[in-house]
Amino acid sequence: MRERDDEWTGWMRQAVAGDEEAYHRLLRAVTPVLRAASRRGLARAGQPPDQAEDIVQEILLAVHLKRHTWDVDAPFAPWLFAIARNKLIDMLRRRGRRVFVDIDDFSETLADEPPAPTVSAGEVEAQLKTLPQRQRDVLQSIAVEAASIKQTAEKFSMSEGAVRVALHRALASLTAKLRDT
């Protein structure tokens with residue numbers, strides 16, 4: 001690695017001094033290394049490796065545009081890999097760190113889940129009546145009437161936080177009661 005960095009640093013010094021051949025030699029040498037590093041970075045982030053070429057192009061463009069900022073007394077590789085790291089991070093931020101898995105690849109191995117046990121409407125209604133009035137009103141407004149938290153707060157002269165607390169408590173209580181039946 002040290003030899004490679006010394007060679008790259010020498011070529012970059014020559015390139016900054018105006019040697020186009022040294023600059024082309026440098027770019028040809030760093031490209032496969034950047035491609036491999038980009039693929040590894042994408043794999044660690046759960047992204048497909050086919051995006052590596054885009055990152056490599058962005059890195060090479062940044063090197064070209066910012067080469068005048070490189071300190072000729074410093075080694076080249078740390079400067080290059082700092083740019084590479086930043087370009088990888090930029091791409092991950094733009095695209096989000098979402099992992100997409102084709103479900104068809106797993107369709108034969110995924111077991112069907114047993115259907116969830118259901119509770120009769122009569123049982124739900126009976127358990128709703130056991131809730132405190134405020135919780136029942138909030139639950140009715142949001143779950144049945146499809147009102148928003150804000151609308152429910154205005155309707156019952158409550159703060160939005162109080163509506164959220166009442167809704168949470170109502171749902172937790174109702175879930176516990178229905179689980180026991």
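**Entry 1: α3 and α4**

I began with how α3 and α4 lie against each other in this predicted model, and I found their axes 9 Å apart at an angle of about 130°. An angle over 145 degrees would have counted as roughly antiparallel, so I noted α3 and α4 as oblique to each other. I also looked up the handedness, and α3 passes α4 in a right-handed crossing. On the α3 side, I listed Asp54, Ile55, Glu58, Ile59, Ala62, Val63 and Lys66 as the residues that make the contact. On the α4 side, my list includes Trp79, Leu80, Ile83, Ala84, Lys87 and Leu88, and it goes on with Met91, Arg94 and Arg95. When I sorted this contact of α3 with α4 by class, I wrote down 10 nonpolar and 6 charged residues, with no polar ones.

**Entry 2: α2 and α4**

Next I turned to α2 and α4, whose axes are 11 Å apart and which pack at an angle of about 40°. Angles under 35 degrees count as roughly parallel, so this pair, too, went into my notes as oblique. The crossing of α2 past α4 is right-handed. From α2, the contact draws on Leu26, Val30, Val33, Leu34, Ser38, Gly41 and Leu42, while α4 brings Phe76, Leu80, Phe81, Ala84, Leu88 and Leu92.

**Entry 3: the largest pocket**

Which residues lie nearest the centre of the largest pocket? I found Ala37, Ser38, Phe81, Ala84 and Arg85 there, out of 13 residues that line it. Ser38 and Ala84 were already in my list for the contact between α2 and α4. The elements that give two or more residues to this lining are α2 (20-44), α3 (52-66) and α4 (76-95), and α2 has the largest share, with 7 residues. The lining divides into 8 nonpolar, 2 polar and 3 charged residues, and the space in the pocket comes to about 190 Å³.

**Entry 4: α5 and α8**

Last, I looked up helix α5 (residues 121-128) and helix α8 (residues 160-180), which pack with their axes 10 Å apart at an angle of about 130°. I therefore recorded α5 and α8 as oblique to each other, and their crossing is right-handed. Glu123, Val124, Gln127 and Leu128 of α5 meet Leu174, Lys177 and Leu178 of α8. In this contact of α5 with α8 I noted 4 nonpolar, 1 polar and 2 charged residues.

Methods
Residues are numbered from 1 along each chain as its sequence is written. This is a predicted model: local features need pLDDT of at least 70, side-chain atom pairs count only at pLDDT 80 or more; totals for chains, interfaces and linings use all residues. Side-chain values use heavy atoms; hydrogens and water are left out. Axes are lines fitted to C-alpha atoms, for helices over the stretch in contact, and angles run from 0 to 180 degrees between N-to-C directions. Helices (H or I, at least four residues) and strands (E, at least two) are DSSP runs, numbered from the N terminus. Angles under 35 degrees count as roughly parallel, over 145 as roughly antiparallel, 65 to 115 as roughly perpendicular and the rest as oblique. A crossing is left-handed if the near helix is turned anticlockwise from the far one by less than a right angle, and right-handed if clockwise. Contact means heavy atoms within 4.5 Å. Ala, Val, Leu, Ile, Met, Phe, Trp, Tyr, Cys and Pro count as nonpolar, Asp, Glu, Lys and Arg as charged, and the others, Gly among them, as polar. On a 1 Å grid over the protein atoms alone, a cavity is a set of points where a 1.4 Å probe fits but cannot get out, and a pocket is an open set with protein on both sides within 12 Å along at least five of seven lines; lining residues have an atom within 4 Å of a point. Grid points are joined across faces, edges and corners, and a volume is the space filled by probe spheres set on the points.
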